[in-house]
Amino acid sequence: MLTVLLILIPLVAGLITFGLKGSGPKAMGLIASLASLAVTLGALFQFRTAPASLQFSANWIPQLGAQFSVGLDGMGLMLCLLTAISFLLIFIVIFNRDYERANNFYGLMLLSQAGLVGVFTAYDALLFYVFWELALIPVYFLCSLWGGEKRIPVTFKFFVYTFAGSLLMLIGLIYIYLQTPEHSFSYASFTSGSVAPQDQSWLFWLFFVAFAIKMPVFPFHTWQPDTYEQSPTPVTMVLSGIMVKMGLFGVVRWLLPVLPKGAYMWSDVAIVLSIIGIIYASCIAIVQSDIKRLIAYSSIAHIGLMSAAIFTNNEQSLQGLMVQMFNHGINIIGLWIIVEIIQNRLKIKNLNEMGGIAQYAPGIAIFLVTISFANIALPLTNGFIGEFLMFSGLFQYNVWFMAVAGLGVILGAVYTLNMVQKVIFGQSNQLTETTTDLKGNELLVLSIIVVIILVLGVYPKPMLELVSSTTELVNKVY
Amino acid sequence: MNALISTALSGVVMMFAGLFVSNKQRIKYIAIFVLLVCLAANLAELSTIGAGERTFYGMITVSHFSILFNAIALGATLIFFLLSGSAFENVGEHVSDYFALIFFILSGITLASTFSSLLMLFLAIEIISIPQYILAGADKKTPKSSEASLKYFLMGSFSTGILLMGITLIYGATGTFNVADLGLGAGKVNTLALCGIILLAFALSFKVSAAPFHFWTPDVYDGSPTVFTSFMATVVKAGGFIAFIRIFHGAFIGERITADWQLLLAIITAATLIIGNFTAVFQQSVKRMLAYSSIAQAGFMLLAVVSINTHATQGIILYAAAYSVATIGIFAVMIKLKDYTFDGFNGLARTQPVLAVTTTIFVCSLAGIPLTAGFFAKYFVLTAAVEQGNLLWLVIVAVICAAISAYYYFRVIIAMYFKQGEAETAPISGGFKLMLIITAAIVILLGIFPGLLLQFI
């Protein structure tokens, strides 16, 4: 029942928030995200003692054999935890900001949280599809209503892109559904291996394109930098911190076990595309002068490594992927928070106009440096362990792939440190001299993030244990 | 049978109501009351047919399927009356006549869902068509309306001729009008009958505005008074599809003969999807966009006609309901607007939030977004086509078209929410808003539990 509660809390809170006025929406957002976090922690506890009690199933559409079936395994729980933490952090950071029509803003944010949790918990293919689409709609409205100048065409492109991908996946789902002996959408019958190998070969692409657009993997990434740039920063945090994980999650939960032979056949192609993405996005990130676009491209590069790791077919890289899914979410949200803070103070996005902030706001500088180190996977930060495991898995799969992908780390250091240098060091100018240092809520949020970064960097064992059930399971299917 | 009799009688009642009742508001209430009686009479028949079906004189067969479809058609008309019934007054003086004509169309639709003889099929199509010619030209003051009427009449009667020719050929080949006795599926394919089937396919494609027989649709839908377009594009079109699917799935199925028309219909379907969706992208008027959208949606419904399985039958029922309700809703909102272009919707979210939210739900349903009825409607027809096996190419075309359709449907949402402007509307009553909310609730309810409808088949 806790699982259902996890979906219901943001859903109900979101619907209520539409009707609130004044500071009601803010309070509601905080309360709902705190409640979500509490329930997630409860589920975490229950997962250790009685994991079966997290499964819930009820009849939905008997004519189709579709069930409202939700549950949590290690991976689902990890992503729900990431969602709960992220939304809480986001709501704390924006507590001082006043958005126009705040009730709609907070309502849509909470609805997107409900959709995301639904995706991570669905154990029925049709339910998964419904949540997959539902997570998209609120984000579309959030970007279009509160975004930058070019928001309407940009988010429209984003919407049509992902909608087209989803529809391809829908055909794949229908096809597999018709192949299952009892005509059912349940996870068990989807993974029972009823799809013929020659079908798996083309079905793979229907699913992979849908997931690749969401992640995004080269060459399906073109919507992403524009959307990240134009969206309001809290929404960018949701997009880059959590929504891209939907694509990775989809591959691990709904592609590898359902179409193992298809994944095996095309793993080389998928990895090559991912690695091209790493190098390509890193190179573009180096020459970006817009800080939001720089982080957007850096996200493509990181996701590229994760998507390559999925297809290497060994347990180590999957463990790395799991850890990195969580850590990437935390780190990139940390970066966006700093961008949000700088943008809020100085109203600029161009790196060349910044500089010298360290003298006037040492707090910002310390946190930016720490989070940037985590972003380039320095040892003792949380980014290290995940990337190390993934590279090691990639190395076992193919040395050359690993060597090329490894360039991404060097390039990553180039653009990240370059950004740090341009933002906080160097000559200050009239504008940056006015920068004020962190305030209470910002300090709180960034401290939480840095604590997570350091703790998981030194002692990642609890995280590895949490996801071990999933990584072992995936390894069996090949 | 009950539905047929009650709707025909209701038409007569409405004609005379015009003589004795001069208050137009009251005429609307009479029409709503009479329609409720028809709906009740239709549902009452469920008890008389029991589990099976009942045939009347070899001409009409009433089954669960037909009663369910009649209920959907009558229910959608009820929503139409409640939402847009008052707009009849703006068209012309003879409000009761319009209601009478709509009841006659409904009796044609109930005949289309129950015929078991080719003669009855012909009658059904004619009874549906002729009142429409009059409704299209109801606004006598605007030349566009008369043009629409004349165009529709000329093209319509031409296609009727083709329909009749097809029926004659089939009769010549088999010696019977009775659908159950045609026996076309067994043995060798009769060339004469095949010609008849193809002519029938063309004529019915014309009636449901499938490409390349769709050219009348945009002009007629655009020229007709908007209230009547709303009815013609939805309930009437669904009626055409029910005739289509019943005759083709009921009589033309067989080892060899299915393949002979299936490919032809598959090509018609693909053409309809592509032409409908691509042309809708370029429209500047929402009314014209909806005309092309109705062609595009017809393409999706044709998927159900091409695929022969239970998913197709379930799909056509859901699609008829989802599409009719959503489109009637959008038209009802549009009638209240001063300007029918996309720009006319600019800023509606600020001036009329309820209208904007409900329109968003209707538009999402048409685009096939989950949790709206339109998603499961699309889901079922796509499943039917995938299950067919040899039509995967058509499914891919359909899915690409569905993605394109999001483009022009979302333009309405963009105009309402993201563009600056002051959308001018006629005064909006609380009752109208309430009715819109109820209609949107139906769309969402069917989108979460499509089983509510399907359990009756």
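**The hairpin of strands 1 and 2 in chain A**

A: In this predicted model, the hairpin formed by strand 1 and strand 2 of chain A has four residues between the strands, and A:Gly65 takes a positive phi near 70° there. Strand 1 covers residues 56–61 and pairs with strand 2 in the antiparallel sense over five bridges. One of the residues concerned is A:Ile61, whose bridge partner in strand 2 is A:Ala66. Strand 2 spans residues 66–70; because four of its five residues are buried, the strand is largely enclosed by the rest of the structure.

Positive phi values also occur in residues other than glycine. A:Arg101 has a phi near 45° and is found in the loop between helix 3 (74–93) and helix 4 (102–121) of chain A. With 14 C-beta neighbours inside 10 Å, A:Arg101 counts as partly exposed. In chain B, the phi of B:Tyr57 is near 55°, and this residue lies in the loop between strand 1 (54–56) and strand 2 (60–62) of that chain. B:Tyr57 has 7 C-beta neighbours inside 10 Å and therefore counts as exposed.

The peptide bond from A:Met215 to A:Pro216 is cis, with omega near -5°. A:Pro219 has its place in the loop between helix 8 and helix 9 as well, and the peptide bond from A:Phe218 to A:Pro219 is cis, with omega near 0°.

Key. Residues are numbered from 1 along each chain as its sequence is written. Chains are lettered from A and ligands numbered from 1 in the order in which they are written. This is a predicted model: local features need pLDDT of at least 70, side-chain atom pairs count only at pLDDT 80 or more; totals for chains, interfaces and linings use all residues. A residue is buried if 20 or more other C-beta atoms lie within 10 Å of its own, exposed if 12 or fewer, and partly exposed in between; C-beta atoms are placed from the backbone. Helices (H or I, at least four residues) and strands (E, at least two) are DSSP runs, numbered from the N terminus. Two strands pair if DSSP finds at least two bridges between them.
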